Amino acid sequence: MNKAEILIIDDEVQIRKLLEITLESNQYTVNQAENAKNGLITAENHPPDMIILDLGLPDEDGQSVLQQLRKWFTNPILILSVKNSEEEIIKALDNGANDYLVKPFRTGELLARIRSALRDGINEEGNPSITFGDFVIDLEARTIKKNNEFIKLTATEYRLLALLAKNEGKVLTHQYLLREVWGPGYINQSQYLRVFIAQLRKKIETDANRPNYIVTESGIGYRFISDKD
Amino acid sequence: MELFINKISKSIQLLISISMVILISALCFSIKNYLDYKIVAFILLLTVSVAAAIFDIIPVFVAAILSAIIWDYFFIPPNFTLQVGSTEDSILLLMYFVIALINAALTYKIRQIEKIARAKEEKANTIKLYDTLINTLSHELRTPIATIIGATDNLQSNNHNLTAENKEDLVSEISKATFRLNQQVENLLSMSRLESGFLRPKKDWCDIIEVIYDVVKRIEENNVKQKIVINVNPDIPVFNLDKAMLEQIVYNLVNNAIQYTKDHNEINIIAHNYGGLLELIIEDNGKGFPVEEINNVFNKFYRLKNTKAGGTGLGLSIVKGFTEALGGTVHLENLKTGGAKFTVSIPSQVSHVKSIKNE
């Protein structure tokens, strides 16, 4: 049973209604605000487990609401917006959004993202291994096994995979991955990322051309999915 | 001729017509002894007529006046004076002058009438295009909206008469209609981005294999019956292009092929690198395009005649617009074996897998 409380900040009555029905029928508790001002007040008075935030609010830019929330609010924030430019999405992720979904969206997709974001908070560090499918990553020994057999990865491939897997369900931007895996001098060398993601997929995906684990977020980055909900 | 002359500025036209009159006069003057001055009048009149046929009104008037003065001064006896010897010559000079002016004025008038006729025709064409646009757009947007309204009405007010299967069908129709509506809106938004002229490609490294498979996955989610075959060498380099635009190009071409072929047909997607030129081929084994319409299919809002497939006629014009924004070209031909073949060629920087050290 989900008991998580979700605050929706969106000015469109129809979207709020749709979200309310979808979320409540999935056993979430829903609170609503129709503008930035009320959203910020409601969040402060009664901090929810998660916030779904629209960027196109009537009284204030959603990005600025996001920045204000992130000064104190540590639970997941999911952006739900008609703005689909890569710049806008990357900016929201940089401002601390956990995820971003463009309207129109599939409710199934939304629920999967919510589950994944809420899970984020639970399996924090300390776990020395990550399991997905037939694979086990040993974070201490820095190895990966498939059905108990070692898979040969280069050092860079391992760093990339471990970083993605540790952030399961979360979009990691190209810049973030390049900075973390190759270093700050490489943030514009996205061809490295393309090539290494392709190599990695050949080693872990059943069909590298139809990846199940390392999913592309076009123009934004990559998302690791350990199992299909 | 008309167009060519329109591009020449008025002052140059004036210069040319004056030079013409002076040149012809000089020629006539050099053979003056063999020519009667009345013949010279005809030759000069001819010159003015030629000028009237190709130039604007002012250069022609100037040529008419100038030639009359020259004729009078150099040819009508007594020479080298503006005086006219006989009454007959006075009448001749006056007539020369009037004929030259009438000549100029008449030609000008004909030109004006032509211009008005052309403007009318252009306006008629614009209105026709606008009507077609409004018709296709209203059809393409209203059909799905009508479906949604009808289906929801049915679900709301006729609920108890519907079987579970009916309801499922209605919901599925709503879903299809919204998908179609969404697609049309996306196309219109892409088109307005193109039209605004502010479309700047955001180049980044893209894995063309990934682009193609992602597009095919999206298309296959709509239960297409045609078989889609992808044929790309896995060692193809990564290209420095705008991925979103590339995706839209591939999507629109494959989607177009899906709409204009039958369920049993096959669609082939091929990508090559020709030394920094990305070549994308999307071909099918359907019927191909009517030969006389091939040149029009990339035009905005163009729809094939006698077509049953839905669409706003924007898909292929977006393909062309995006391809050209990336500095490339798109070409359509019919295959000898039947079917259509689209070839998109875009120059790009490439980076080879092997050139990146896999440490």
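**Close-up views of backbone geometry**

**View 1. A:Pro104 sits in the loop of chain A that runs between strand S5 (99-102) and helix H5 (107-120).** Helices (H or I, at least four residues) and strands (E, at least two) are DSSP runs, numbered from the N terminus. The peptide bond between A:Lys103 and A:Pro104 is cis, with omega about 0 degrees. This is a predicted model, in which local features need pLDDT of at least 70, side-chain atom pairs count only at pLDDT 80 or more, and totals for chains, interfaces and linings use all residues. Residues are numbered from 1 along each chain as its sequence is written, while chains are lettered from A and ligands numbered from 1 in the order in which they are written.

**View 2. A cis peptide bond links B:Pro77 to B:Pro78.** Its omega is about -5 degrees. In chain B, the loop between helix H4 (57-75) and helix H5 (87-157) holds B:Pro78.

**View 3. A:Arg142, not a glycine, has a positive phi of about 55 degrees.** Most residues other than glycine have a negative phi, and most peptide bonds are trans. A:Arg142 belongs to the loop of chain A between strand S7 (135-138) and strand S8 (143-146). With 12 other C-beta atoms within 10 Å, A:Arg142 is exposed (12 or fewer other C-beta atoms within 10 Å of its own, with C-beta atoms placed from the backbone; buried is 20 or more, partly exposed in between).

**View 4. A:Asn148 is a non-glycine residue with a positive phi of about 70 degrees.** The loop between S8 and strand S9 (149-150) of chain A contains A:Asn148. A:Asn148 counts as exposed because it has 7 C-beta neighbours inside 10 Å.
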